[in-house]
Amino acid sequence: WAAFKEMRNSVSGYRDVFPLLHALASREIRNRHWLQVMKATGASFQLEATVLKLAHILDANLVQHRVAIEEIVAAAKCELDLESAIRTIEEEWNEQQLVFKKFKSRGLVTLDKSNTQHLLELLEDANAEIAVMLTSKYIKPLRDEAASWAVKLNEIGEVLEEWMTVEELWENLEEVFSAEGTAKELPQEFSRFMHADHAYMKMMK
């Protein structure tokens, strides 16, 4: 009977600890989470795959710290969701390309306005998503990366908007100074525009 009770207690103990072990073996668990497990349990073990053994984890008395372990696992899942969202934004914006269109006989020197406007709308959505991420209580390990993308996206938006403003001004001036007789009527202004026009075309090509 004593042997039966001992076996029953052992089986019961494993039954309680296996769900925790399964949760800690999930893909969202990183080294930082194992460090949190050590802190919660007061245990200490090496994290290298060639050193870490199941016995080391079992010795940590996970069941006694079930609530803390479950909180660590839940946080890890939320962090993985945030990381996945950042990776999606990263992939999307690393692959984005500007589309140009022809301007008169000058070649592909102006932005396609509809495409650029679409990019600005995508930027607005991405910025809003990043802003929401930064308010999450689970963002701490990813805060620097998310904040970095917020800065990048803002800079891209500012550059595109300034680019469109300059481009529109150039198009309007080009229309004026390409008109017949303008060079004679406004020689100084025409000369200044030609310098600016040359610089613009050089940059765009």
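In this predicted model, helix α4 packs against helix α5, with Leu82, Ala85, Ile86, Ile89, Glu92 and Trp93 of α4 meeting Leu119, Leu122, Leu123, Ala126, Glu129, Ile130 and Met133 of α5. Sorted by class, this contact of α4 with α5 holds 11 nonpolar residues, two charged residues and no polar ones. The points below follow this helix pair into the nonpolar core, and then turn to a loop residue and to the chain as a whole.

**How α4 and α5 are arranged**

- Two packed helices are described by the angle between their axes together with the distance between those axes.
- For α4 and α5, the axes come within 11 Å and cross at roughly 160°.
- Because angles over 145 degrees count as roughly antiparallel, α4 is roughly antiparallel to α5.
- The crossing in which α4 passes α5 is left-handed.

**The nonpolar cores**

- In soluble globular proteins, nonpolar side chains tend to be buried together.
- The largest nonpolar core in this model has 20 residues, and those with the most contacts inside it are Ile89, Trp93, Ile130, Met133, Trp149 and Leu153.
- Two or more residues of this core come from each of the elements α4 (66-95), α5 (113-133) and α6 (143-177).
- Met133, which is one of the residues with the most contacts inside the largest core, is in contact with Leu82, Ala85, Ile86, Ile89 and Ile139, once its neighbours within four places in sequence are left aside.

**A loop residue with a positive phi**

- Most residues other than glycine have a negative phi.
- Lys104, although it is not a glycine, has a positive phi of about 50°.
- This residue, Lys104, lies in the loop that runs between β1 (100-102) and β2 (108-111).
- Lys104 has a relative accessibility of 49%, and it therefore counts as partly exposed, since the label "exposed" is kept for values over 50%.

**The chain as a whole**

- The protein chain contains eight helices and two strands, and, read from the N terminus on, its elements follow the order α-α-α-α-β-β-α-α-α-α.
- The protein chain has 205 residues, of which 30% count as buried.
- When contacts between residues at least 6 apart in sequence are considered, 66% of them join residues that are at least 24 apart.

How values were computed. Residues numbered from 1 in each chain as written. Predicted model: local features only at pLDDT ≥ 70, side-chain atom pairs only at ≥ 80, totals over all residues. Heavy atoms only, no water. Core = buried A, V, L, I, M, F, W, Y, C linked by side-chain atoms within 4.5 Å. Buried < 20%, exposed > 50% of the residue type's maximum accessible area, 1.4 Å probe, protein only. Helix = DSSP H or I, 4+ residues; strand = E, 2+ residues; numbered from the N terminus. Contact = heavy atoms within 4.5 Å. Axes fitted to C-alpha atoms, helices over the stretch in contact; angles between N-to-C directions. Parallel < 35°, antiparallel > 145°, perpendicular 65-115°, else oblique. Left-handed = near helix turned anticlockwise from the far one by under 90°. Nonpolar A, V, L, I, M, F, W, Y, C, P; charged D, E, K, R; others polar.
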